[in-house]
Amino acid sequence: MARITVKVEPLHADGTTCDHAVSPSGKPRDSDSGCAGRRSYRVWCSSCGQVGKPHGLRVLAEPEQARHRAQHQVATTR
Ligand SMILES: [Zn+2]
Ligand SMILES: [Zn+2]
C-alpha cells in the first residue's frame with residue numbers, strides 16, 4: 001500500500017506553488033527570490049491531486065486537509 005500524503009501548499013497569485021522562505025507575516029523573506037507572495041492555500045493529495053478549491057487562508061485549508069486524510073484512512077482500514 002503506497003503511503004498517501006495530504007498537505008497544504010501555498011500558492012502564488014498565478015496559481016503556482018510557493019516554496020520560498022517567507023516570514024511569519026507571509027511576506028517573502030528574500031526580495032530577490034522572485035516570490036510575489038502567497039495568495040491562497042490548496043490541499044494537495046499525493047494520490048488524488050488537488051482537493052477542492054484553493055482557500056484564502058491556511059486555517060481554512062487545514063480542515064479540508066484533515067477531512068481528506070480521514071477519507072483515505074477509512075478507505076484503507078482493514
Ligand atoms: Zn513564493
Ligand atoms: Zn486523496
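Tutor: Let's start with the sequence spacing C-x2-C-x19-H-x3-H, which belongs to the donor residues of the zinc ion (ligand 2). One caveat before the details: this is a predicted model, where local features need pLDDT of at least 70 and side-chain atom pairs pLDDT 80 or more, while totals for chains, interfaces and linings use all residues, and side-chain values use heavy atoms, without hydrogens or water. Residues are numbered from 1 along each chain as written, with chains lettered from A and ligands numbered from 1 in written order.

Back to the zinc ion (ligand 2). The atoms that hold this ion are SG of Cys 45, SG of Cys 48, NE2 of His 68 and NE2 of His 72, at 2.0 to 2.3 Å. (Donors are N, O or S atoms within 2.8 Å of the metal, or 3.2 Å for Na, K and Ca; with water absent, sites may look incomplete.) The geometry here is tetrahedral because the angles between the four donor atoms run from 102 to 118 degrees, and the label asks that all angles lie between 85 and 135 degrees.

Cys 45 counts as buried, at 1% relative accessibility, whereas Cys 48 is partly exposed at 45%. (Buried is under 20% relative accessible area, exposed over 50% and partly exposed in between, with a 1.4 Å probe and protein chains only.) For the whole chain of 78 residues, 29% count as buried.

With that site in hand, have a look at the zinc ion (ligand 1). Its donors are His 12 through NE2, Cys 18 through SG, His 20 through ND1 and Cys 35 through SG, and the distances are 1.9 to 2.2 Å. Along the chain those donors follow H-x5-C-x1-H-x14-C. Because the four donor atoms around this ion subtend 101 to 117 degrees, the arrangement is again tetrahedral. His 20 and Cys 35 are both in the loop between β1 and β2, so this pair ties together parts that are 15 residues apart in sequence. His 20 comes out partly exposed at 21% relative accessibility, while Cys 35 is buried at 12%. As for cysteine pairing, a search of the whole structure finds zero disulfides, meaning pairs of cysteine sulfur atoms within 2.5 Å.

The C-alpha atom of Thr 17 is separated by 8.8 Å from that of Tyr 41, a residue 24 positions away along the chain.

How does the rest of the fold line up around these sites? The chain has one helix and three strands, in the order β-β-β-α. (These are DSSP runs numbered from the N terminus: helices are H or I with at least four residues, strands E with at least two.)

Now for the charged side chains. The structure holds two salt bridges, each a side-chain nitrogen of Lys or Arg within 4 Å of a carboxyl oxygen of Asp or Glu. One joins Lys 7 to Glu 9, at 3.4 Å from N to O. The other pairs Glu 9 with Arg 42, with the closest N and O atoms 2.9 Å apart. This second pair links distant parts of the chain: Glu 9 is in strand β1 (residues 6-11) and Arg 42 in strand β2 (residues 40-45), 33 residues apart. Through shared partners, Lys 7, Glu 9 and Arg 42 form one network. Within it, Glu 9 is buried at 13% relative accessible area, Arg 42 is likewise buried at 13%, and Lys 7 is partly exposed at 40%.

One last stop is the surface. Leu 57, Val 59 and Leu 60 make up a nonpolar patch there, with about 290 Å² of accessible area together. (Patch members have over 30% relative accessible area and no salt bridge; nonpolar side chains are joined within 5 Å, like charges within 9 Å. Areas are Shrake-Rupley with a 1.4 Å probe, and for residues only the protein chains shown count as cover.) Leu 57 sits in the loop between β3 (49-55) and α1 (58-76), and is partly exposed at 48% relative accessible area.

Terms used
Four donors count as tetrahedral if all angles lie between 85 and 135 degrees; four count as square planar and six as octahedral if opposite donors are over 155 degrees apart and all others between 65 and 115; anything else is irregular.
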